[in-house]
Amino acid sequence: MANTYTQINIHAVFAVQGRRSFLKENFRYDLFKYISGILNNNKQFSLAVNGFVDHVHIFFELHPTTSVSDILRVVKTNSSKWINENHFINSKFNWQEGYGAFSYSRSQRNRVIEYIKNQDKHHSVTSFKKEYLDLLEKFKIKFDDHYVFEFYE
């Protein structure tokens with residue numbers, strides 16, 4: 001076959017180092033737009049970016065020449081640099097190491113987009129820890145509780 005055709009829909013979740021509530025409303029939505037731009041500028045197709053005070057959800061079509069780990073490294077590196085250069089918090093900002101990444105079919109895209117768009121509402125009743133553990137269990141991903149929610153100081 002002469003051409004490559006793919007549709008790989010990835011929902012990735014990553015947290016602020018130490019699960020601190022650093023993503024305040026005064027810059028959070030600009031951060032999400034910035035992350036969407038990073039995705040698009042790196043040959044990904046951003047479908048939804050949102051989150052809450054301590055974590056971010058991104059949903060995008062993965063370009064076939066890019067690995068999930070490579071694009072998440074670029075997103076996390078560039079977005080943390082942007083936060084630090086703009087002095088949005090009083091200390092050095094970092095994302096926690098690691099992430100969760102989950103694939104969805106085309107038929108599930110609208111549901112995932114709506115879920116990500118409604119993070120404020122969702123987290124008024126559900127903790128990030130419960131949300132993340134539910135995703136790991138839904139996708140039958142084995143994990144060690146000790147390492148999933150370790151804190152960095």
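Two rings of Phe, Tyr or Trp, the last represented by its six-membered ring, count as a pair if their centres lie within 6.5 Å. By this criterion the structure, which is a predicted model, holds 10 aromatic pairs. Two of these pairs are set out below.

| Pair | Kind | Centre to centre | Between the planes |
|---|---|---|---|
| Phe59 and Tyr104 | edge-to-face | 6.1 Å | 90 degrees |
| Phe128 and Tyr132 | tilted | 5.7 Å | 35 degrees |

Phe59 belongs to strand E3 and Tyr104 to strand E4, so their pair ties together parts that lie 45 residues apart in sequence. Phe128 and Tyr132, by contrast, both sit in helix H5 (residues 128-138), where they are 4 residues apart, about one turn of the helix. Phe59 and Tyr104 are both buried, and Phe128 and Tyr132 are buried as well. Elsewhere, ring pairs link Phe27, Tyr34, Trp82 and Phe88 into a cluster.

Strands E3 and E4 are part of an open sheet of 4 strands, which follow one another in the order E2-E3-E1-E4 with antiparallel pairing. At its edges stand strand E2 (45-52) and strand E4 (100-104), each of which pairs on one side only, and neighbouring strands are turned against each other by 15 degrees on average, direction ignored. Within the sheet, strand E1 (residues 9-15) is joined by 7 bridges to the antiparallel strand E3 (residues 55-61), and Asn9 stands opposite Glu61 in E3.

Two helices pack on this sheet: helix H1 (residues 25-41) touches E1, E2 and E3, and its direction makes about 155 degrees with that of E2, while helix H2 (residues 68-85) touches E1, E3 and E4, its direction making about 45 degrees with that of E1.

Conventions:
Residues numbered from 1 in each chain as written. Predicted model: local features only at pLDDT ≥ 70, side-chain atom pairs only at ≥ 80, totals over all residues. Heavy atoms only, no water. Pairing = 2+ DSSP bridges. Axes fitted to C-alpha atoms, helices over the stretch in contact; angles between N-to-C directions. Contact = heavy atoms within 4.5 Å. Phe/Tyr/Trp six-rings, centres within 6.5 Å; stacked < 30°, edge-to-face > 60°. Buried < 20%, exposed > 50% of the residue type's maximum accessible area, 1.4 Å probe, protein only.
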